[in-house]
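Here are a few notes to read alongside the model. Have a look at it first, then go through the points below.

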Amino acid sequence: MFLNSQDGDKIEYYQKMLRNIGSLSRLFSESNEPYIQYRIAENLFCK
């Protein structure tokens, strides 16, 4: 898998950004599950 071939800093950055975006989704929803649109996850992955 491509992600597994990346260094730890890049993976950690990607996870941190996903957590931040997921926490923003709670501002607009009562759900316990964060909503992350697939295009946002793709753009973060490419970054």
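1. Which helices each supply at least two residues of the lining of the largest pocket? They are α1 (8–25) and α2 (38–46), where helices are DSSP runs of H or I, at least four residues, numbered from the N terminus. With four residues, α1 gives the most to that lining.

2. A word on the basis: this is a predicted model, where local features need pLDDT of at least 70, side-chain atom pairs count only at pLDDT 80 or more, and totals for chains, interfaces and linings use all residues. Residues are numbered from 1 along each chain as its sequence is written, and side-chain values use heavy atoms, with hydrogens and water left out.

3. The largest pocket holds about 200 Å³ of space. Among its lining residues are F2, L3, Y13, Y14 and F45. By class, the lining has eight nonpolar residues, one polar and two charged. (A pocket is an open set of points on a 1 Å grid where a 1.4 Å probe fits, with protein on both sides within 12 Å along at least five of seven lines; lining residues have an atom within 4 Å of a point.)

4. Now to F28, which sits in the loop between α1 and α2. F28 counts as exposed because its relative accessible area is 75% (exposed means over 50%, buried under 20%, partly exposed in between, with a 1.4 Å probe and protein chains only).

5. Over in helix α2 you'll find E42, which is partly exposed, at 36% relative accessible area. Between the C-alpha atoms of E42 and Y13 there are 14 Å, with 29 residues separating the two along the chain.

Conventions
Grid points are joined across faces, edges and corners, and a volume is the space filled by probe spheres set on the points. Ala, Val, Leu, Ile, Met, Phe, Trp, Tyr, Cys and Pro count as nonpolar, Asp, Glu, Lys and Arg as charged, and the others, Gly among them, as polar.
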